[in-house]
Every structure is written in C-alpha cells, then in structure tokens.
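I opened the model to look up a few things. My notes follow in the order I took them.

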Amino acid sequence: MSGRHRPPASYIPLSTPQWSDTYSFNTINLTKGFRGVPVKLTFRNGNGKTFDITDSRQSPLDIVKPDMSIRFDSLPGNIGLLRIPTFRPDNFDVETFGNKIYGEKILPTDGLIIDIRDNTGGNSQVGQIIMMMLATDPIPQAAWETPNYEAAYASWGRPWGRESVESDSIVPICLLQADFPKYEKLIVLLVNGSTFSAAEDFTVLFKNVRRGKVVGTPTGGSTGNPIGIDLGWGYYGRICTRHEKLADGTEFIGVGIQPDVVVEETESVLTGKDNVIEAALKLLR
C-alpha cells in the first residue's frame, strides 16, 4: 500500500497480536485513514497476476452491508455447517433458530461444525441460548471481576475495590424440558483472531462444557464490555472492563482462547475450498 496514512492497526483498539493481524483487514478497516487522501492497494489473483486499486476514501461508512444472518449448509458425510457471523440479537430469533435450524436441520446430522470465525460479538445471551440447545450437561460459566472505582477514595490514594462474580452453571434446555430432543453428535467449533467479545463468551461456554474440539487459531482475547473514551480530534479509545477466565482458571484476556487443534487459514478460504473446514471434517470422520 502507498499513500499518506498509517497501517490500519494504528486506528483500531486492539487487545492481542492476532486481533491486530486479522481485524485490521476486516471489511473497511484496511483502508481506514484520512478521508479524501487516496490509498493504493496491490492485489494478487489466483493466477499470480498482480494489479493495483486506488481507494479515494470517499465512500460512506455504511456502504458495506454484509449478510449477517445465521446460515446452515450440508456437507458430505451428513455433516452440518452452522455459520454464525454475529451474535447481535437483531440477527437472531429464538423460535426460528429452535424450529427451523436446530429442529429441522441440525438434529438429523451425524456431526456439526460451528463456524464463528470473524464473528466480532454482539450479545452474549444469544450464544448462551444456542449453547443451551446444543449442550447435554450443565454448562459451567466463567467467573469474572470488575473494578469498583470511587473517585474520592482514589484521590486519597486508596486502592480500587473489585467486585467478583463467582462461576455458576447454566442448565441446558434438554434438562429443563423432558421432551426437548438432545443433540449428542460430535461438534467442532471454528475460531480465529477475529473471534471476539460475545463470540469468545460462546467459545468459553463451549470449552467449559467440553462439547467438542475447538479448531483454528487463538481468538481475539477480550470479553468486550468496553468503556468508550472520546480522546478528541476524532480519536476514540476503548478499555475492557470485565476480567474473565475459563472455568479451569485459564487466562484469555489479552491472550486469546487457545484452540485444541491449531489450523492456520490459507488462501483456500478465498478460493472455495476452506482448509479449516476440511480439518474439522477430518476430525468428525
């Protein structure tokens, strides 16, 4: 790239190197910078030919409107592929998911792949509901804590207090409703450096309940829950406010949740044959 600008990561609040390496190239982030100052990008196609595209940085922010709906596909061997691009509640309807996706599509499969790569979060309750359908045992939640800031005490030099929330368990629907059908087949969860916030909360539940293998690369390394800070001159910062761990005490804030099987994405994810999905299929078979 060329042009009077900084690398994309310079403009994005980032918690880990893997979050920086992936999210910086996500949607509009690659060309973030001064509006109206052009930036030139060099691309290489599947045949190895390179070509340049110049972005004038004049497009409105809402020009990119990807499909964020939950999608289900059938793979060879009667394996289901559930893609969840976001956990935002406006893209999720409990009844539709429970009847149309879980009841009609997931239950008949012989194995399931859940893909939350590049899912940057939303509302953790959405992921919790999905996990309550897929789990067959009580789901341990993570313990977490947050600072209690008291301005007067801080001015006197007293240390901040902390509020802690102990771990408890979520009861899956099959244990709450005797007629709710269990899904007891193997599940593989796909993650990467842009699996973040509420998507990491989903990964925490998945690992805590030992529902299956996590495949891919370490997640973004933050629960989200940010305090926003206006830094002036068009700059904006975020600070994570919740310190959470896995049920066994493993740290992932500023680190990332480590997959059980590490598989780096290759160019195949762009050419129609996804090497991470292929690795998941091998595990399920």
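I started at Gly36. Leaving out residues up to four places away in sequence, Gly36 touches Ser56, Arg57 and Gln58. I took a contact as heavy atoms within 4.5 Å. Gly36 and Ser56 sit 20 residues apart in sequence, and their C-alpha atoms are 5.7 Å apart in space. I placed Gly36 in the loop between helix 1 (17–23) and strand 1 (39–44). Helices (H or I, at least four residues) and strands (E, at least two) are DSSP runs, numbered from the N terminus.

The cut-offs I used are under 20% relative accessible area for buried and over 50% for exposed, with partly exposed in between (1.4 Å probe, protein chains only).

A note on the source. This is a predicted model, so I kept local features to pLDDT of at least 70 and side-chain atom pairs to pLDDT 80 or more, while totals for chains, interfaces and linings use all residues. Residues are numbered from 1 along each chain as its sequence is written, and side-chain values use heavy atoms, with hydrogens and water left out.

Next I checked helix 6. Helix 6 (residues 198–208) is largely enclosed by the rest of the structure, because 10 of its 11 residues are buried. Among the buried ones are Phe202, Val204, Leu205 and Phe206. Glu200 and Asp201 are also on the buried list. Arg210 follows helix 6 and has a positive phi, near 55 degrees.

I found an open sheet of 3 strands in the order 8-7-14, with antiparallel pairing. Strand 8 (161–165) and strand 14 (243–244) are the edge strands, each pairing on one side only. Two strands pair if DSSP finds at least two bridges between them. Strand 7 (residues 144–148) is joined to strand 14 by 2 bridges.

Last, the whole protein. I counted 8 helices and 15 strands. The C-alpha trace spans about 65 × 60 × 30 Å along its principal axes. Buried residues make up 39% of the 285. Of the contacts with a separation of 6 or more, 67% join residues 24 or more positions apart.
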